Amino acid sequence: MDFALTEDQQIFQRMVRDFATNELQPVAAQVDEEEKFPAENIRKIAELGLMGVSISEEYGGSGGDAIHLVIATEEIARACASTSTVYLASLSLACYPIYMFGTDDQKKRFVVPVAKGQKLACFALTEPGAGSDAAAIQTAATPKGDHYVLDGTKVFITNGAEADIAVVFATTNKSLRHRGIVSLIVEKGTPGFSVGKKERKLGIRGSSTAELVFENCHVPVGNRLGGEGGGFKVAMGAIDASRINVAAQAVGIARAGLEASLAYAKDRQQFGQPIAGFQAVQWMLADMATYVDAARLLTYRAAYLKNQGLPYLKEAAMAKLFAAEAAMSITTKAVQIHGGYGYIKDYPVERYFRDAKITEIYEGTSEMQRMTIARQLIG
Ligand SMILES: Cc1cc2nc3c(=O)[nH]c(=O)nc-3n(C[C@H](O)[C@H](O)[C@H](O)COP(=O)(O)OP(=O)(O)OC[C@H]3O[C@@H](n4cnc5c(N)ncnc54)[C@H](O)[C@@H]3O)c2cc1C
């Protein structure tokens with residue numbers, strides 16, 4: 001049992017922390033306020049090789065493993081949650097399944113440019129009538145010679161408007177539910193593929209969330225990930241792994257709330273003393289710090305199991321569930337500690353509070369995480 005990061009991991013953490021604090025944090029409020037896609041942040045992240053963390057150098061990545069990825073994600077999310085959403089959607093949700101399930105040719109064509117940060121990717125599973133029940137997707141993939149013809153609409157797709165590459169899930173036979181699903185890599189510019197409505201959101205407002213529309217869109221069979229009917233396995237494989245990184249994102253947002261609250265509580269004077277002197281505030285800070293540590297430990301455990309090649313489904317769901325709820329609880333307390341100043345935009349905690357909420361919703365709601373954990377417990 002060893003609770004310390006290795007020297008290499010500590011150096012990596014310091015490097016990402018310094019970068020994120022100096023380059024991402026100063027623009028985070030503007031990215032949120034202007035709902036501005038953080039293209040410049042992503043360019044800088046790519047320059048450092050971080051768009052390819054956990055992807056081997058052979059396929060354009062910078063190496064490292066699941067622990068490196070959670071370290072990078074926590075630091076990026078602490079500085080700018082919107083940027084961390086763009087980052088995770090491209091690397092962890094879209095690129096990683098191509099890396100896991102793709103052929104050598106697919107990896108060379110699609111993983112290499114995404115891991116190098118030359119291209120951005122998105123993951124398109126959700127539909128208007130299929131969210132938690134992902135096996136109910138209706139987008140049709142009709143086999144026609146050496147192509148599939150895609151027809152349907154995806155909603156809520158992170159990076160949808162900017163992505164060069166989309167990993168799209170569709171069905172060849174709706175009655176087969178999950179066994180009828182195929183996963184296809186669709187390139188921007190493919191005729192019949194367009195971007196529809198862009199959503200306006202409560203939090204992570206700098207990340208884009210868009211509708212993707214497919215109308216008689218021909219995709220080569222050579223762009224299929226996994227076998228015919230193997231798309232659901234690809235989707236679940238991607239989400240199971242990526243959940244660990246959403247947990248790390250929640251830890252990052254929560255830590256930002258804790259750090260801002262500590263500084264404020266030591267500075268803000270009421271009744272002739274800093275509010276940090278009041279036990280009611282101390283207890284909130286103590287709970288916040290305890291929740292951050294517990295959430296991070298669960299996240300590291302899940303990443304550790306993944307690195308070891310051991311089962312991690314239950315542990316990843318526990319990490320995501322706990323970290324997301326901790327992030328909501330901590331950022332709510334952060335607003336409370338700031339009093340009225342927590343409610344206005346001069347301070348960052350109202351943004352942390354809004355950004356935290358998504359971690360309880362995407363990549364499986366908290367209810368779905370509980371369902372996964374219970375199924376694993378009951379057997
Ligand atoms: C900002 C944002 C970004 C997103 N990015 C992406 C993306 O990049 N790619 C992508 O494919 N999707 C993305 N999504 C979609 C996201 O994953 C879904 O919104 C989420 O899975 C929930 O689906 P839903 O919204 O249809 O809610 P529903 O499934 O309709 O759920 C509504 C409520 O019912 C509950 N519920 C549903 N079924 C059950 C059940 N069996 N038992 C108990 N409770 C249940 C849910 O927990 C929830 O509280 C994104 C969403 C948002 C808001």
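The shell around the ligand draws at least three residues from each of domain 2 (122-229) and domain 3 (233-378), where the domain bounds come from an automatic or database domain assignment. The structure is a predicted model, in which local features need pLDDT of at least 70 and side-chain atom pairs count only at pLDDT 80 or more, while totals for chains, interfaces and linings use all residues. Residues are numbered from 1 along each chain as its sequence is written.

In total, 20 residues surround the ligand, and the closest of them are T126, G131, S132, T365 and E367; a residue is counted as near a molecule or strand if its C-beta atom, placed from the backbone, lies within 6 Å of it. At least two residues of this shell are supplied by each of β1 (121-124), β3 (147-158) and α10 (366-378), the helices (H or I, at least four residues) and strands (E, at least two) being DSSP runs numbered from the N terminus. By class, the shell around the ligand is made up of 11 nonpolar, six polar and three charged residues, where Ala, Val, Leu, Ile, Met, Phe, Trp, Tyr, Cys and Pro count as nonpolar, Asp, Glu, Lys and Arg as charged, and the others, Gly among them, as polar.

Besides domain 2 and domain 3, the domain assignment of the chain gives domain 1 (7-119). The centres of domain 1 and domain 3, taken over C-alpha atoms, are separated by 20 Å, and 22 residues of domain 1 are in contact with 24 residues of domain 3, two residues being in contact if their C-beta atoms, placed from the backbone, lie within 7 Å. On the side of domain 1 that touches domain 3, two or more residues are given by each of α1 (7-33), α3 (66-79) and α4 (81-101), and the largest share, 10 residues, comes from α3. The residues of this side of domain 1 divide into 14 nonpolar, three polar and five charged.

The axes of helix α6 (residues 231-267) and helix α7 (residues 279-307) come within 9 Å and cross at roughly 155°; axes are lines fitted to C-alpha atoms, for helices over the stretch in contact, and angles run from 0 to 180 degrees between N-to-C directions. Helices α6 and α7 are therefore roughly antiparallel to each other, since angles under 35 degrees count as roughly parallel, over 145 as roughly antiparallel, 65 to 115 as roughly perpendicular and the rest as oblique. Their contact has 20 nonpolar, two polar and three charged residues.

The axes of α6 and helix α8 (residues 313-337) come within 8 Å and cross at roughly 20°, and these two helices are therefore roughly parallel to each other. The contact of α6 with α8 comprises 22 nonpolar, three polar and three charged residues.

Helices α7 and α8 pack at an angle of about 160°, with their axes 9 Å apart, and are therefore roughly antiparallel to each other. Among the residues that make this contact are M288, Y291 and L298 of α7 and M318, F322 and I330 of α8. By class, the contact of α7 with α8 has 18 nonpolar, three polar and three charged residues.
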